[in-house]
Amino acid sequence: MPELYQSPLFYQRLFGQRVHDVAFYRWLAQGQVKVLELGAGSGRISLPLLEDGVHVRAVERAPEMLRLLEEQAVDLGVRERLTSLCVDFRDFELGERLSLAICPFNALAHLHTEEDLRRTLGHVERHLEPRGALVCDVLRREAHHDAQTTHLTPYFEHPESGVPCRVLETLEFNAETNRLRIQLTLTAMRGPEHVEEHTLDLRFWSADELAAAGDASGLELTNHGNLGDSDLWVLRKP
């Protein structure tokens, strides 16, 4: 089963319409020369920041996603402001410190253990200047996550094949592990029968867990906000 992040155009088609957080991160980055983004993906946040004149250090483990980000940066004429690093954000090294790091769109949910969370925050801390901050948004657990639910999208044109298709999204929550499994089943409307499946395995992180991991990594959980379906958190270096 191919990983969703190996199909960056399909990923963009599914999530590219999510824009409410883009305005927030653009506002947050105002006045910043450089910003570190963890889980940069294909550039939904990075590209607008680059267009605003910010130099972005983009950390992304999926080479297919990072390649699309770089191609789009070239098309927009902002490639010189992008530094891309294809590596897991549990283990990265830039060789510099910045005052702002961001981790948008629930990217921390891909960390499934407290050790992984502490390890990631520890690497962030080492890349922050004194009083620098990590700003992240984390999916908020809602009542509908506790029961298996399904959602079927309208038909849309597949960005690679051009064939109309639709996606059945199935959510299944495991209370013991505090993880949400999202099964995406894509079915083509015409032509040879074609079914493509992708799975996302996401961990919910509570405020107490983030605070504890932050304390262990030299970061203090200082602020909380609401970003639609996500909680916004600020972890600051003393």
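Biologist: Where is the place of aspartate 88?

Modeller: This is a predicted model, and in it aspartate 88 sits in the loop between strand E3 (82-85) and E4. Its C-alpha atom is separated by 11 Å from that of alanine 40, and the two residues are 48 residues apart along the chain.

Biologist: Why does aspartate 88 count as partly exposed?

Modeller: The relative accessibility of aspartate 88 is 24%. Buried requires under 20% and exposed requires over 50%, so aspartate 88 counts as partly exposed.

Biologist: What makes histidine 127 count as buried?

Modeller: Histidine 127 has a relative accessibility of 2%. The limit for buried is under 20%, and histidine 127 therefore counts as buried. The residue lies in the loop between H5 and E5. Leaving out residues up to four places away in sequence, histidine 127 touches Leu36, Phe92, Glu93, Leu94, Gly95, Glu96, Arg97 and Leu98.

Biologist: Which term applies to glutamine 32, and on what value of relative accessible area?

Modeller: Glutamine 32 has a relative accessible area of 23% and is therefore partly exposed, since that term covers what lies between buried, under 20%, and exposed, over 50%. Glutamine 32 belongs to the loop between H2 and strand E1 (34-38). Setting aside neighbours within four places in sequence, glutamine 32 is in contact with Val54, Ser99 and Leu100.

Biologist: What is noted about the phi of arginine 131?

Modeller: Arginine 131 has a positive phi of about 70° although it is not a glycine. Most residues other than glycine have a negative phi. Arginine 131 is found in strand E5. At 51% relative accessibility arginine 131 counts as exposed, because the cut-off is over 50%.

Biologist: Is asparagine 178 buried or exposed?

Modeller: Asparagine 178 counts as buried, because its relative accessibility is 18% and the cut-off is under 20%. Asparagine 178 has a positive phi of about 60° although it is not a glycine. Its place is in the loop between strand E8 (164-174) and strand E9 (179-188).

Biologist: Why are H5 and H6 called oblique to each other?

Modeller: The axes of helix H5 (residues 114-126) and helix H6 (residues 207-217) cross at roughly 50° and come within 8 Å. Roughly parallel requires an angle under 35 degrees, and roughly perpendicular runs from 65 to 115. H5 and H6 are therefore oblique to each other. The crossing of these two helices is right-handed.

Biologist: Which residues of H5 and H6 meet?

Modeller: From H5 they are Glu114, Leu117, Arg118, Leu121, Gly122 and Glu125, and from H6 Glu209, Leu210, Ala213, Gly214, Ala216 and Ser217. By class, this contact has five nonpolar, three polar and four charged residues. Glutamate 209, in helix H6, touches Glu114, Leu117, Arg203 and Phe204, not counting residues up to four places away in sequence.

Biologist: What makes H1 roughly perpendicular to H4?

Modeller: Helix H1 (residues 8-15) and H4 pack at an angle of about 75°, with their axes 9 Å apart. The range for roughly perpendicular is 65 to 115 degrees, and H1 is therefore roughly perpendicular to H4. Pro8, Leu9, Tyr11 and Gln12 of H1 make the contact with Glu64, Met65, Leu68 and Gln72 of H4. The residues of this contact divide into five nonpolar, two polar and one charged.

Biologist: How many residues has the largest nonpolar core, and which have the most contacts inside it?

Modeller: The largest nonpolar core has 25 residues, and those with the most contacts inside it are Tyr25, Val35, Leu49, Leu50, Leu69, Ile102 and Val135. Among the elements that give two or more residues to this core are helix H2 (20-28), helix H4 (63-76) and strand E5 (128-139). A second, separate core of 24 residues includes Phe89, Leu121, Trp205 and Ala213.

Biologist: What does leucine 69 touch?

Modeller: Not counting residues up to four places away in sequence, leucine 69 touches Ala40, Gly41, Ser42, Gly43, Ser46, Leu47, Ala58 and Leu82.

Definitions and conventions
Residues numbered from 1 in each chain as written. Predicted model: local features only at pLDDT ≥ 70, side-chain atom pairs only at ≥ 80, totals over all residues. Heavy atoms only, no water. Core = buried A, V, L, I, M, F, W, Y, C linked by side-chain atoms within 4.5 Å. Buried < 20%, exposed > 50% of the residue type's maximum accessible area, 1.4 Å probe, protein only. Helix = DSSP H or I, 4+ residues; strand = E, 2+ residues; numbered from the N terminus. Contact = heavy atoms within 4.5 Å. Axes fitted to C-alpha atoms, helices over the stretch in contact; angles between N-to-C directions. Parallel < 35°, antiparallel > 145°, perpendicular 65-115°, else oblique. Left-handed = near helix turned anticlockwise from the far one by under 90°. Nonpolar A, V, L, I, M, F, W, Y, C, P; charged D, E, K, R; others polar.
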